[in-house]
Amino acid sequence: MGQSIKLLYDIFKINSEPFYKDLLRLDFAIWVFTITGIMSLLFVILYYYVIDRPKTAKLTIWSLFLLVVSIVSAISAYMIASNTIIDDYLSISSPVPEYSQDLIYFSLINFSFTALFFLIWSSLLKWKSSNSSHIPF
């Protein structure tokens, strides 16, 4: 399962070979994927059950939640991956490679996963919402 999650982050084959090897060697992709799923679940619960008002039962508000959680998740993915790689290389006293472009790709893919998680969680949890059960579809 963990290997499959790691391979999902290189689905478009746009990462460099050294980054890909670090992606497979280190476990940051599994942590990022788990945090992404939980974060999107919390935002869906927040939208459908905490802020469930007639004024917020609009597609624009739902889209704003989707955008915010995706941006927060992408930033978190970048930071977690970067810190994990830096810690790993510093722990063995090796020079830290420059992966900034690869980390941006990783974050953008995580942005997409967050949006997908948000759609899935919305589809599963919207039915018991009193005001927003018709949002987004």
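**Start with the whole chain**

Colour by secondary structure and follow the chain from the N terminus: the elements run α-α-α-α-α. That makes 5 helices and 0 strands; these are DSSP runs, with helices being H or I of at least four residues and strands E of at least two, numbered from the N terminus. You're looking at a predicted model, where local features need pLDDT of at least 70, side-chain atom pairs count only at pLDDT 80 or more, and totals for chains, interfaces and linings use all residues. Residues are numbered from 1 along each chain as its sequence is written, and side-chain values use heavy atoms, leaving out hydrogens and water.

Zoom out: the C-alpha atoms fill a box of roughly 55 × 20 × 20 Å along the principal axes. Of the 137 residues, 39% are buried (under 20% relative accessible area, with exposed over 50% and partly exposed in between; 1.4 Å probe, protein chains only).

**Next, select 100–125**

This is helix α5, with 26 residues. From first C-alpha to last, α5 reaches 36 Å, close to the 38 Å expected at 1.5 Å a residue (1.5 Å times one less than its number of residues). Which residues of α5 are buried? Among them are L103, F106, F113 and F117. An α-helix has 3.6 residues a turn, so residues three or four places apart point the same way.

**Last stop: 59–91**

That's α4, and Y78 sits in it. Y78 is partly exposed, with a relative accessible area of 30%.
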